Structures are given as C-alpha cells and as structure tokens.
Amino acid sequence: MISLTHSLQISSFPIKSPISNTNCAAHRSGGRVFLRRTNGNKCRYKGKCFAAEQPQPQPEVSQQKSKRPRKKTPEIDKKDAVDPVGFLTKHEINNKAFNHFLRERYKALKDLKEELSNRHYEVQDLASGYEILGMHRNVQHRVDFMDWAPGARYCALVGDFNRWSPTENSAREGNLGHDDYGYWFIILEDKLREGEEPDQVYFQQYNYVDEYDKGDSGVTVEEIFKKANDEYWEPGEDRFTKSPYELASKLYEQIFGPNGPQTEEEMEEILDPQTRYNEWREKHKDDPPSNLPPCDVIIDDGTEHEEFDVVTDPAWKAKFKAKKAPIAYWLETRKGRKAWLEKYLPGIPHGSKYRVYFNTPMGPLERVPAWATYVIPEADGNQSFAVHWEPTPEITHKWRHKHPPKPKSLRIYECHVGISGMDSRVATFNEFTDNVLAHVKKAGYNAIQLFGIVEHKDYFTAGYRVTNFFAVSSRFGTPEDFKRLVDEAHGLGLLVFLDIVHSYAAPDEMVGLSSFDGSNDCYFHSGKRGQHKFWGTRMFKYEDHEVLHFLLSNLNWWITEYQVDGFYFHSLPSMMYTHNGFATFTGDVEEYCNQYVDKDALLYLIFANEMLHFLHPNIITIAEDATLYPGLCEPTSQGGLGFDYYANISASELWLSFLENVPEHEWSMSKLVSTLVGNKYSADKMLLYAENHNQSISGGRSFAEILFGSAKTDEALLRGRSLHKMIRLVTFTIGGPAYLNFMGNEFGHPKKVEFPMSSNKFSYSLANRKWDLLEDSFHKKLFAFDNDMMKLDIDGKIMQRGSGGIPNVHHVKDTEMVISYLRGPFVFVFNFHPTKSYERYSLGVEEAGEYQIVLNTDEEIYGGQALISQDQYTQRTISRRTDGMRVCLEVPLPSRTAQVYKLTRIRRA
C-alpha cells in the first residue's frame, strides 16, 4: 500500500521537466531537494516541475546565486570534550610512557568503533544480539534459531521434539542457512493440525504472548483490507494499485506518443529538458484541479546552481506529514494465540530439551547453544541440555514496578540465593523473594548484589565459573521466578545488581563455550594465553568482533530482560593483564602500560561502560580491581574506563590481617586510615566493605567466627562484639558513597560458608544462613546496631557529607590508638585501644557549639556496657586550638568503643 503512494508521487513529475533528463543524483535535506551530477559537474538548470494540474502562483525568483547557509559549529562543553589524557592532567600525573599509552589506546578505540560501525548501524544493534541469536518465536507461526560457530561445517538442532535426530532440523545450504561470518540459521516450522488448512495470507502473523487475546474476534483478512481501502485511501489514490500497468503506459505515451518506437534504434532525438518542460507546462495550464501533490521547482534564467527550491501548497504539505502509514491495518490482520493453537502444533513445544549439533573437523559435536536462556547443567550424571522457554501468557511474569531512582549513596546487601535458606539444601528464587527481601529492606539497605545467578555447572564455584551467560541458574528456579524477585525488590525500593563475570569463563565444553565449534579459538585465545594461569578457566579473545558482540549483548540482555540496575564486574585483573593479576605491583605507573597489559580487554571495558551508560543512563557499574588501575572511575572521554564505583579490596584484607596475625595493641591506626581512605584521586567513587563473601568461603572464616565463634567467657564475647561493631562503623563512615555487607554479617553470623564438594562429602550443612539467630539476644543486639548505623545515612546522609563527599580525617594517633574525622555536622571518634580509656579526650572540630551523641557502640541495646552516662551525651566546644582547628571537644572515650557526635546548636563568637 505504501508503494502505491510512492507511485503517485513519481507519476506527478511531468515528463518534460528539466529533472527528467539530467544525470543528477538527488537527496533531500530539510525542506529542499539537492541535485548533483553523478559525473561531478554542477547541474546547470534551475527549473520548475509540478504535478498539480492546476497552475500554482509563482514566487519571486531571486537573481542572486543561492547560497546554502553554513551551520555554526556547536559549542562543546569542556567536560564532554574528548581528551585521551584528561584525567592525568586533572590529577597532575606526569608519566610520558603512560601518556603515550593512553593516546595509542584512544586511537585503537576509534579504529575499533569505525570497524564495528561497518557492520552494526548503531550501538543498540551491536548490543542486541539476543534479539536474533538463540531461539525465538517468529510471528509467522515458526521458531527461528541462530548461533555462531565459524569452525563448523554442518549445523542442526537435536532434542526430544525431533527424537534427537541430527538431520531433521538442519541449516539450509546457502546464505539463508550459513553466512560468511560463521552464523548458522535454522527454522522450525509449526505443524498444521490434522484437518486444518494453511493460512490464506502467505505472511499470516500471530500474537503469541503480547496482546495474545487480540485477533481472535473472527474478522477475516478480506474484511480488514476492505476497511483499509474505505477508511484510509482517498478517492483515486488506489488507482494504480488496481491498474498496475497504467502508469508505465501513460509515461511511455507521454514521451513517445501512441505509436512510439519499439526499439532503441527507432528512437528520435529527445528535446532538451527545458524545452520539454515548457511544452508540458503550456499543454497543462488549463487542466482541472486534482488531489495529486502540488509541487513546483523554482527555475530562473539558467544560472548555475546546485540546489532547487521546492515549493508546495502549505495545506497539502501539512496534510501529507500528518498522514500515517497504514501499519495499524496490517497489524490488525494478526490473529491471536487461540487461533494459532487451534490451527498449529508448536514446532518445538515449551519445555523441550535440545542441543545444537555440529559437524566439525574434530568430528560430530553436541553443544548447549551459547545464547540459550534456560539450561539444565549436568545433574545426576546426565548430560547438559538447554530448555526451550516459551511460557504461556498466564505464567509469563508481568512487570508491576518501575526501577527505583538512582541513589546518591549505596548501601549494598550482597546475597547468594542458594545459601539464603535455613535448611541444608539449595534455596530458590521464590523463597528468597518471600523471606529475604523484606529483611534487607528492614535492615536499611537500598540495593542487593546477587552473585551466582548466571548459570554454572559446578555449584561449589559459587557461580564464578560461568557456563551459560544468558541463562539464570536453574538450581534456583525459572526465568519467571527471577523476574518476580527483581520486580518485588524494585517494589521495596531496592536496586538489583548482578555480579557479572566477563573476565574469564568455565573450561567446560558441552555446556560451556570452550571448543564450542570444535576449534580452540572460537571465543577464547588459543595456547597458553587462552588459559588462566592458576584457575584453569578460559580467557576471552576481546579483539574479536563476534566476542565483543556476545559480551556487550550479554550485558544489555540482563538489563532489558530482567531489569537489573547495575553490574559488579568481577576480577578485572584477570582480563586486564596477561599475567592475570598475579604479579607484584610497586605503584609505578608504567606497570599499567607495559607489555603485560591487555589493551583489547581495556577497550572492551571502555566500550561496555560507554554502551551501558548511553543506552541506560541510570545504570551503575562497579569495578573489582585489586591493582587500582589508573582512571577506573574517570570518564571515558578523559582517558578513564568509565566505571561509577570501584571496590577497595585492600580494606577487607587489612582487617583480616589485623584479626588473624597482629596483636590488638599493635594495630596501626595510620595504616588503617590510609588503607580505608584509599586512592586519593577517586576516593569519592570508592565502595568499601569490611568483609564480603570472600572472607566466608573458600576455606576462610567470617569476622564473627574469628572474634567470638569460639569465645567461652563473657569478656571474650564483649571484646568480639565491640570490635565487630567498631570495624563495621569505621568502614561504613570513613569511605566513599558506597558500602557493602555480605548476607548475615550484619548480625554476626558465626559460621562460614562452605558449598558442597568432595572435601566435605557434598554436605550442605554450612551452605545456608541461620536466620533464627535474630531471635537470640546476642545477635539481635548486633543487628540493632547495624540497623541504626544504616539510619545514619538514611536520615543524616553521612556518606554524602564532607568536601567532595570525602571525610576530613584530622586526628590519627598510633600511640593512643584513636581515630577521629569530620563529615559535615558529624564527628566520629574511635578508641581501638584494648585497655586504655580516656575521661576527657581532646578533639578539634570545625564549628563551635553543642554536640550530641547520636550513636554509641557501647550502649546496652547494642550489647555494650554503657560506660558513658546520659549526662555526658551532650558536649560543648572549648576555645582551644586542637588538630589545627580553633575549637575542640573534650569527650569521654572508653576503650574499644566509638561514638558519633552531631552538631545540634551552633555558638557564634
């Protein structure tokens, strides 16, 4: 139907127009038509053509040569201007080698983008491979499958739907089955039920899930077409549809007459365009009005021009722009799900098991498809397989809640669904949704971070050896169950972050990506570089465009399909360095640009951050990098990698070292502060945690287990509880605007996490969380403290306070083991000394006035001794210069306690 409109527009140009016989190529820009000769010469005509059979009033013709107005170059904001070494200049870092490396990396990034743009129209296409790859229901009663296997010679789908036959559903020969890039395409046609006739319309479409109830009204296609002709087309517009040869015959007759030549030799000389146009104009000057588009092209005395000004009737132009294409009528021809089920049997039913079969130089292979969205890994000795997930509309999850707004500070609750239950078994998505989310909200956190969600064959790896990057782990439930989890979290105002592993992959073959198409270098490097030096995992080939397509699409998939709010990029050193981060770093900048740096991996991280923040402006990305690569959280336009936050891993390692190896009275406050404050260049982007899951698994012990797991006396329990609270408080309040806590540590879970494996006879006894401890007085008091600690940020916004979001650490005394710092109106003071208390300890403060304790680790409700009386909770400043400040506080400071003061009244001099 749309072609009919185009035909009318083409027929409207008179044959004797100057346009008809010039070797000019035309393009449209704004309200003008630009013509240029294909041989490079300028068009010498500025003629006029029109299709209206009624003469139009002629505008005044300017005798001056028309000039195209030159557009002003838009002003570029300095912060958006590209400077490959911008962050080095900003932080006054001078290193010639690193400066050169950043410039070369920027050039490589430009070249990469240009190469990718030759195949992908825009970023959205590059990051949306999941829309065509994998298994997809097509609207034309079929299922399409596509996967990438450049090393394969033959491809087929096998499964219980075709009795695992490698010949029944294979890719066709030619471009429709296999292209030059190594992509294979297979169509699974739905089968007509017995007694049913094929669709009358060749391209009949069906609604399967979205608007599945539409199209079952019984209205026929013929009735819809008649309705379109009656309602959409104006009289005469369907003329050339009914008579398709009328236009061609009229054009021929206008040019050559009723008895025109039949061969090229019989043709006479054709008059020049100007003469033909004048003749046509004279002949049609008295024609009656018509509904054809009234278009004119201004002409003059033949002055050489490059553009022709088109003038039209304003009313017709507005009418033409307002008229929409008749797509709605075409969509109305779609039938509903009910009609589809009555006529067809699905080519591959929902829940069918399947794999992809390849014939390769290594012989025949079966693999779980790389883009599979639901996978059952090896269980009970059975081989892995993918599951076709196409649920009915009744069980398909309907999203109810929007993404929570992006917070200015993050309080992240790190979780693992499988160990979130109390029983000695794998917990499910639904159990986590029903039992854990409400606790997280009550505890005062505003985000959850899930690890182990992406499918992995071996449960004991905690999800860090990913086998199927587009599938949620089937151990915990179905994709719809995980959608419900995310939706309910959003309803509680919780962001959902995913611990994503793109730094390496599992070495498994049938269920993983290793040797996927029979070759060793499909997704990964070959040789030693393709193997992690210590873990045996496979290392991605980031310079390969198909691998980039896979990984970028994977990130976008989790956001579009499951509505996650951000990613925690796991173990970046494994991918950024060819030594996988297992090297000694001295702090020399050249260590970040030497021969061991994988530039392609850095380009992928830059591209990933640019893509994510372009397509999803509110997305949050967090980098886990123990080497603190320069520019982690700097904008990509300034030479950075573009992350929003980076995790300070050194903090938890220092705490663990103190607790296990250093006597308490020898703890260095200076070392503690320097470690917790982190990188001075990006402290305002730092995520801190005292301990995450790493301290509790892989043979480690949680801080609670170290401090009071084996305590036998009240004194030992008091010590352990006091240090547990102080460690968490100083870590939470001294760092940047992000904090993380592992599930259960907020109430001092005393047991470590141990996944079932051969060393423990596959026991689940330690693969759980004892939530009933919250009813125990000891743990209940620890949870009460953690909850009130969260309220410091909820009510007081402490994580955003300070100069640039960074606290003013003004008092660090190693001898007294005292630390104090300021964040806005809040004063934090810690006494880590195991025995020494102070009755009137002097601390400098910025503002004179009255300060009051708002949090005290030693209160009885938190399991403390209440050594500070209530009449000491309010303190007034003294005019004495201390810590470089003109006023100070003299506060009581018992050993192993910490207090938070808040300025409640300002005193003016």
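Q: Which residue lies over the face of Tyr-208, and at what distance from the ring centre?

A: A charge is taken to sit over a ring when CZ of Arg is within 6 Å of the ring centre and within 35 degrees of the ring normal. In this predicted model, Arg-137 lies over the face of Tyr-208, at 4.8 Å from the ring centre. A second case is Arg-119, placed over the face of Tyr-181 at 3.7 Å from the ring centre.

Q: How many aromatic pairs does a search of the whole structure find?

A: The search finds 58 aromatic pairs. One of them joins Phe-87 and Phe-98, whose ring centres are 6.5 Å apart and whose planes lie at 80°. Planes over 60 degrees apart count as edge-to-face, so the pair of Phe-87 and Phe-98 is edge-to-face.

Q: Why does the pair of Phe-87 and Phe-98 tie together separate parts of the sequence?

A: Phe-87 belongs to helix H2 (residues 86-90) and Phe-98 to helix H3 (residues 96-117), so the pair ties together parts that are 11 residues apart in sequence. Both Phe-87 and Phe-98 are buried.

Q: Which geometry do Tyr-206 and Tyr-344 show, and where in the chain do they lie?

A: Tyr-206 and Tyr-344 also form an edge-to-face pair, with 6.0 Å centre to centre and 85° between the planes. This pair links distant parts of the chain, 138 residues apart. Tyr-206 is in the loop between strand E7 (191-192) and helix H5 (221-231), while Tyr-344 is in strand E11 (residues 344-345).

Q: Are Tyr-206 and Tyr-344 buried or exposed?

A: The cut-off for buried is under 20% relative accessible area. Tyr-206 counts as buried because its relative accessibility is 1%, and Tyr-344 counts as buried because its value is 4%.

Q: Which residues form the nonpolar patch on the surface?

A: The patch consists of Tyr-202, Phe-203, Phe-225, Ile-327, Trp-330 and Leu-331, with about 650 Å² of accessible area together. Helix H10 (residues 327-332) gives the largest share, three residues. Phe-225 lies in helix H5 and, at 33% relative accessibility, counts as partly exposed.

Q: What share of the residues in the protein chain is buried?

A: Buried residues make up 52% of the 909 residues. The chain has 22 helices and 33 strands. It exposes about 43,200 Å², of which carbon and sulfur atoms supply 49%.

Conventions:
Residues numbered from 1 in each chain as written. Predicted model: local features only at pLDDT ≥ 70, side-chain atom pairs only at ≥ 80, totals over all residues. Heavy atoms only, no water. Phe/Tyr/Trp six-rings, centres within 6.5 Å; stacked < 30°, edge-to-face > 60°. Helix = DSSP H or I, 4+ residues; strand = E, 2+ residues; numbered from the N terminus. Buried < 20%, exposed > 50% of the residue type's maximum accessible area, 1.4 Å probe, protein only. Patch = residues over 30% accessible without salt bridge, like charges linked within 9 Å, V, L, I, M, F, W, Y side chains within 5 Å. Areas by Shrake-Rupley, 256 points an atom, 1.4 Å probe, with all protein chains shown as cover. Salt bridge = Lys/Arg side-chain N within 4 Å of Asp/Glu carboxyl O.
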